[in-house]
Amino acid sequence: MQNIRLTINSIPVEIEAGKTILDAAKKAGISIPTLCHHPDLCVAGNCRVCVVEQLGARTLQASCAVPVSEGMEISTNSAKVQRARRDILELLLSEHRSDCVNCYKNNQCELQELAAKYVFSSSELIPLPALQHYSIDASSSSIIKDDSKCIRCQRCVRTCSQLQHISALAVANKGSEQKISAFMDKPMANVVCTNCGQCVNRCPTGALTERNYITEVMHALHDKNKHVVVQTAPAVRIALGEGLGFAPGERVTGKMVAALKQLGFDAVLDTDFTADLTIMEEGTELLTRLKKVLVDGDTQSALPMTTSCSPGWIKFIEHKFPEFLPNVSTCKSPQQMFGALAKTYYAQKRKLDPANIVSVSVMPCTAKKYEADRPEMRDSGFKDVDYVLTTRELARMIKMAGIDFSALADLSYDSIMGTSTGAAVIFGATGGVMEAALRTAYEIITGREVPFENLNIQPARGMEGVREAAVKIEGCEDNWKFLEGAVLKVAIAHGLTNAYKVMQAVKEGRADYHFIEVMACPGGCLGGGGQPMPTSAEIRQKRAEAIYAEDAGMPLRKSHQNPEILAIYDEFLEKPLGHQSHKLLHTVYVERDWN
Amino acid sequence: METLTNNSTLRKTDLIFGREHDTLSLLKEALQREKDEIINELIESGLRGRGGAGFPTGLKWKFAKSAPGNEKYIVCNADEGEPGTFKDRIILEKAADKVFAGMALGGYVTGARHGIIYLRGEYSWMRNSLLLKIDDMNTAFKQLGLDFILEIRMGSGAYVCGEETALIESMEGKRGEPRNKPPFPVAKGFNNKPTIVNNVETLVYALLISHLGAAAFAAFGTEQSAGTKLFSVSGDTPQAGVYELELGMKLSDFVAEFGDGDTKAVQVGGASGFCVPRRKFDQTIIGFEGIPTGGSMMLFNSHRSMYHVLHNYLEFFVEESCGQCSPCRVGCQQLLLGIEAIKARKKPASYLKELIRIADTMRLASKCGLGQSVGNAFDSIVEEFKEEIIY
Ligand SMILES: Cc1cc2nc3c(=O)[nH]c(=O)nc-3n(C[C@H](O)[C@H](O)[C@H](O)COP(=O)(O)O)c2cc1C
Ligand code: SF4
């Protein structure tokens with residue numbers, strides 16, 4: 001494409017055709033305020049905060065929406081622009097319940113930031129009367145929706161439809177009545193919401209936030225009678241730093257463990273342990289299904305099998321493709337396996353009364369809050385996971401406690417249930433479960449390592465929305481001769497729009513996969529709805545690199561090598577898919593209509 | 001058609017409703033001509049869109065013709081939502097065949113093979129009779145060897161759906177919200193294909209110009225406002241109705257004809273137009289060099305409270321803004337709240353200045369013509385009738 005030349009504030013800029021004025025300004029090092037714009041989403045051009053003046057044009061131009069053209073002369077700070085920008089912000093503030101000091105998003109709000117920068121003195125405008133009778137939708141386990149904080153930028157709407165193929169959130173009504181409504185104005189808990197929190201992750205204000213459990217967890221930590229265990233998901237350690245002043249992609253595993261200890265958790269344990277366990281259970285489940293279908297001619301066992309770690313994906317498939325529920329691995333997610341074991345195996349080993357154990361998890365995810373609340377997730381006889389915190393909530397707690405995070409010396413996880421392998425940490429990136437499963441399954445079948453350099457299964461990696469790979473199985477051990485020469489076909493999808501594409505292909509008979517990994521969030525858990533804000537493709541790329549670096553640095557990189565895994569089968573579970581496993585580690589799914 | 005009084009200085013014409021020609025023969029005749037010739041004729045005629053924005057019709061067709069691709073559309077904008085406008089309804093009742101032939105002509109010239117009439121929801125009562133006429137027309141097109149087919153889509157009842165890109169969104173089954181421009185519909189319109197959107201009246205004139213010639217049309221009107229146009233006259237007038245008049249008239253002449261002897265102001269162009277007070281009637285030209293109008297002419301006599309007039313308009317906009325962009329959605333509400341607060345003495349009269357500033361920001365920064373034109377009525381009424389607004 002040919003380049004376009006223009007000037008911005010008299011600075012000459014050259015940029016590819018098709019780019020916007022906003023892109024050109026960025027290139028020239030000029031910042032323009034935006035609100036509705038988000039790098040992951042299609043252009044909306046509706047907040048109008050980014051307007052600029054174009055010489056010769058009758059109106060101001062929304063720089064995020066208008067493509068550059070040859071010879072354009074743009075001014076981003078003319079009197080007209082400055083006045084309009086301030087007026088627009090004042091208008092938005094008059095529609096917004098500016099209860100900043102009491103707001104969960106205080107100091108993390110894009111509207112507040114722009115107000116501080118461009119408004120900075122009181123406005124004459126009249127607060128809109130609708131603000132006097134607002135109500136907050138707290139029906140969902142995961143997401144709190146407060147319309148009085150909403151600025152109608154529609155980032156959430158675009159996220160839900162474009163990235164997640166759901167449209168649980170949509171624009172309703174027009175004019176002064178216009179608002180973002182959950183389908184048909186129902187409570188969030190009663191619509192086809194997967195709780196993925198991608199909308200929360202992109203909301204510029206306090207309109208959409210996670211249901212937080214900071215107070216409850218603090219309370220438990222202060223209760224002398226409680227033994228509070230915490231598990232941390234793979235993707236937390238590579239993103240927590242962002243919420244505490246580190247650059248994206250900085251790994252803070254050891255500091256995180258140290259901080260959790262300072263916060264007073266009685267045991268700092270690792271979801272990565274149960275990620276390794278998931279590989280044992282899910283890998284065995286896959287091989288069993290393959291055998292039943294390929295050798296025994298069993299028509300009951302469903303292929304392709306799909307992963308089940310992502311609770312957003314689970315709720316999605318329960319709503320949208322219920323006919324494929326038998327295809328979903330029956331394995332609980334690593335969080336829930338951990339929860340079930342914390343109040344059984346761990347309690348026994350540590351000689352604790354499970355009734356006194358408070359099980360907390362730190363997750364990159366908001367859907368995990370919903371998952372923990374599911375009635376099935378009580379196989380230990382208690383609520384398996386009591387409280388789910390997001391990465392963001394943990395960052396807050398660390399700040400609240402006055403911990404100088406960057407100065408912390410690295411500490412290691414406690415044991416038991418704190419040891420893990422590199423195969424577990426890559427669960428946090430799209431393709432990671434697939435890669436971890438292949439590392440183990442291939443070795444079980446052939447007795448040899450996967451034929452990829454340094455165990456790095458490159459075809460499973462990357463940010464392509466849907467990826468496919470085929471692995472030819474050769475040189476099988478005696479038990480697995482039936483697989484000799486078979487080509488195992490796998491697919492990986494992240495973001496539910498991509499999951500939808502893959503499932504649609506399966507449904508229409510256009511795909512013959514054996515195994516599908518689906519993560520609800522873009523980039524996998526590292527791009528989860530509970531991760532620090534902001535998010536963008538570049539930030540997620542940095543986090544992915546950190547995940548793979550973490551894996552590469554681990555002494556053990558295959559789940560079946562984890563000594564604690566070998567021990568738990570030896571002492572407690574017996575064998576994958578065994579009786580105890582069935583009771584504690586596997587679950588069932590339900591077809592869902594509206595909730 | 002209504003007639004004028006005998007001593008009127010206005011020049012009434014009867015191009016649209018005159019019945020000297022059989023519509024299909026007009027079309028047949030036009031189809032014999034080169035496409036570029038017709039485009040040039042339209043450009044020379046000076047015909048500008050009659051839907052309000054006044055874009056030169058010949059140019060629009062030229063752009064659409066040169067837009068790449070062989071799937072193109074021509075859409076007749078029959079959403080007629082501007083308060084005080086009802087001339088498109090009369091055209092569709094009395095001369096729908098000319099509208100359809102005008103669309104077919106546009107199709108022939110630009111390569112669009114599909115014509116869609118976007119009919120205002122409130123006009124659904126005429127849908128069946130229009131469908132019958134469309135059937136006949138579609139048959140006639142075939143007989144003429146023209147690869148062109150017409151259909152009707154019903155509007156969804158929102159004023160903003162008359163805005164051409166909102167109209168297209170609505171036809172695509174989405175919320176009727178205006179799009180970002182560029183791209184304009186002639187480049188990417190319905191289904192992202194090149195699309196001409198023309199007002200009902202524009203299409204009729206395009207057909208007539210291909211027959212009468214540019215010069216005959218441009219003999220009417222003024223340099224910038226060539227030709228004639230339909231006016232919907234309403235309000236405090238003994239002669240409410242639709243009139244075809246030469247463009248470029250003085251508002252004083254118009255009021256002399258249509259006023260009730262006590263006219264204090266005329267709202268030219270509906271809620272999104274301007275309010276002209278009596279003292280300016282003499283210096284106001286109706287047309288693109290003065291105050292343009294999509295046809296709505298609303299007269300107010302001295303019994304009217306201009307506060308109420310403005311209040312009504314603002315209520316209309318508060319409800320009819322699509323609500324997507326912040327200056328318009330919130331701005332409309334602030335203007336309404338603001339004049340109420342001043343009336344109730346909760347804000348000082350000087351607050352009007354803030355409101356005028358907000359209206360100007362809406363004009364500069366709103367996404368579409370709706371938000372951009374709220375300030376027209378607001379400023380003109382507030383400036384000319386300040387006392388009525390404050391006290
Ligand atoms: C809020 C709004 C409402 C409009 N409503 C109409 C309408 O009802 N009919 C119409 O022909 N044009 C309407 N327009 C103008 C159209 O956007 C467009 O300019 C017109 O249909 C083009 O046709 P023309 O060039 O033949 O006038 C409206 C514009 C705006 C901003
Ligand atoms: S100006 Fe008003 S009607 Fe137009 S896009 Fe903005 S909110 Fe919608």
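**Exercise 1.** Find how far helix α5 of chain B reaches from its first C-alpha to its last.

*Solution.* Start with the limits: α5 covers residues 96–110 of chain B, 15 residues in total. Helices here are DSSP runs of H or I with at least four residues, strands are runs of E with at least two, and both are numbered from the N terminus. Next, take the expected span, which is 1.5 Å times one less than the number of residues. For α5(B) the expected value is 21 Å, and the helix in this predicted model reaches 21 Å.

Residues are numbered from 1 along each chain as its sequence is written, and chains are lettered from A in the order in which they are written. In this predicted model, local features need pLDDT of at least 70, and side-chain values use heavy atoms, without hydrogens and water.

**Exercise 2.** Decide whether α5(B) is mostly covered or uncovered, and look at what follows the helix.

*Solution.* Buried means under 20% relative accessible area, exposed over 50%, and partly exposed in between, with a 1.4 Å probe and protein chains only. By that rule 14 of the 15 residues of α5(B) are buried, so the helix is mostly covered. Now step past its end: B:Gly111 comes next, with a positive phi near 90°.

**Exercise 3.** Work out how compact chain B is for its length.

*Solution.* First, list the elements: chain B has 15 helices and nine strands. Its radius of gyration, taken over C-alpha atoms, is 21 Å. The globule rule, 2.2 Å times the number of residues to the power 0.38, gives 21 Å for 391 residues, so chain B is as compact as a globular protein of that length. Finally, check burial: 61% of the 391 residues count as buried.

Terms used: Predicted model: local features only at pLDDT ≥ 70, side-chain atom pairs only at ≥ 80, totals over all residues.
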